[in-house]
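Hi,

Here is the model I promised to pass on.

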Amino acid sequence: MPTKKKPQVTAAAARRGELLNTAAEVFAEHGYNATTVRRIADHAGMLAGSLYYHFDSKESMLEEILRTFLDELWDGYDTVLASGLGPRETLEALVTESFREIDRHRAAVAIYQKESKQLVDQDRFAFLAESQRRFEQAWLSTLERGVAERVFRADLDVRLTYRFVRDTVWVAASWYRPGGRHSPEEIARQYLSMVLDGIAVRA
């Protein structure tokens with residue numbers, strides 16, 4: 001059977017990707033409202049007018065950054081959720097996939113955390129609300145299944161646990177830097193050890 005060839009990335013597509021990465025870093029550092037097209041262009045080493053050759057507005061750039069991040073996140077999450085794992089294994093896989101996404105899209109995660117509340121009411125960014133709903137459902141159902149199957153404690157407050165896990169995972173985007181000492185998988189293992197087994201020595 002012939003192998004499937006990967007589509008080649010054109011120079012224009014590669015440049016577009018570079019500009020989106022630059023814009024994501026600038027949005028994450030300065031905030032969306034405080035970022036101008038000129039500032040993005042300055043960081044990209046080009047004239048502001050030249051940026052419009054690739055994108056019609058900074059809104060278009062932000063939308064593409066967030067959609068790319070969320071599409072990849074859900075590709076990974078959906079694979080985990082459809083794999084038939086037990087609740088603990090599902091939780092572990094979701095956490096690991098989350099750290100992988102922070103590794104791939106650290107700036108986009110930071111933008112999502114900072115900007116989604118003000119963006120979600122705009123028609124252009126309505127997809128954020130749907131993603132948030134799916135995200136909550138995926139984690140809550142995993143925790144609820146774990147309680148029902150006696151894998152997690154019967155007295156577990158699943159909604160409080162969900163919020164704790166969600167916030168402590170995604171806040172890593174504020175300090176994590178790709179290419180550091182620890183891989184996303186190693187960080188996930190340490191994180192899961194603390195969440196699932198605690199940090200105190202057992203008697």
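Let's start with Trp170: leaving out residues up to four places away in sequence, Trp170 touches Phe69, Leu73, Tyr77, Ser98, Glu101, Ile102, Val109, Gln113 and Phe135 (contact being heavy atoms within 4.5 Å). Before going further, note that this is a predicted model, where local features need pLDDT of at least 70, side-chain atom pairs count only at pLDDT 80 or more, and totals for chains, interfaces and linings use all residues. Numbering runs from 1 along each chain as its sequence is written, and side-chain values use heavy atoms, with hydrogens and water left out.

Trp170 also turns up in the largest nonpolar core, which has 59 residues; Trp170 is among those with the most contacts inside it, along with Phe27, Leu66, Val95, Phe99, Ile102 and Trp139. (Such a core is a set of buried Ala, Val, Leu, Ile, Met, Phe, Trp, Tyr and Cys residues joined through side-chain atoms within 4.5 Å; buried means under 20% relative accessible area, exposed over 50%, partly exposed in between, with a 1.4 Å probe and protein chains only.) Helix H4 (residues 58-81) supplies the largest share of this core, 10 residues; helices here are DSSP runs of H or I, at least four residues, numbered from the N terminus.

Now for Val201, in the segment after helix H9 (184-197). Val201 counts as exposed because its relative accessibility is 81%.

Cheers

How values were computed: Helix = DSSP H or I, 4+ residues; strand = E, 2+ residues; numbered from the N terminus.
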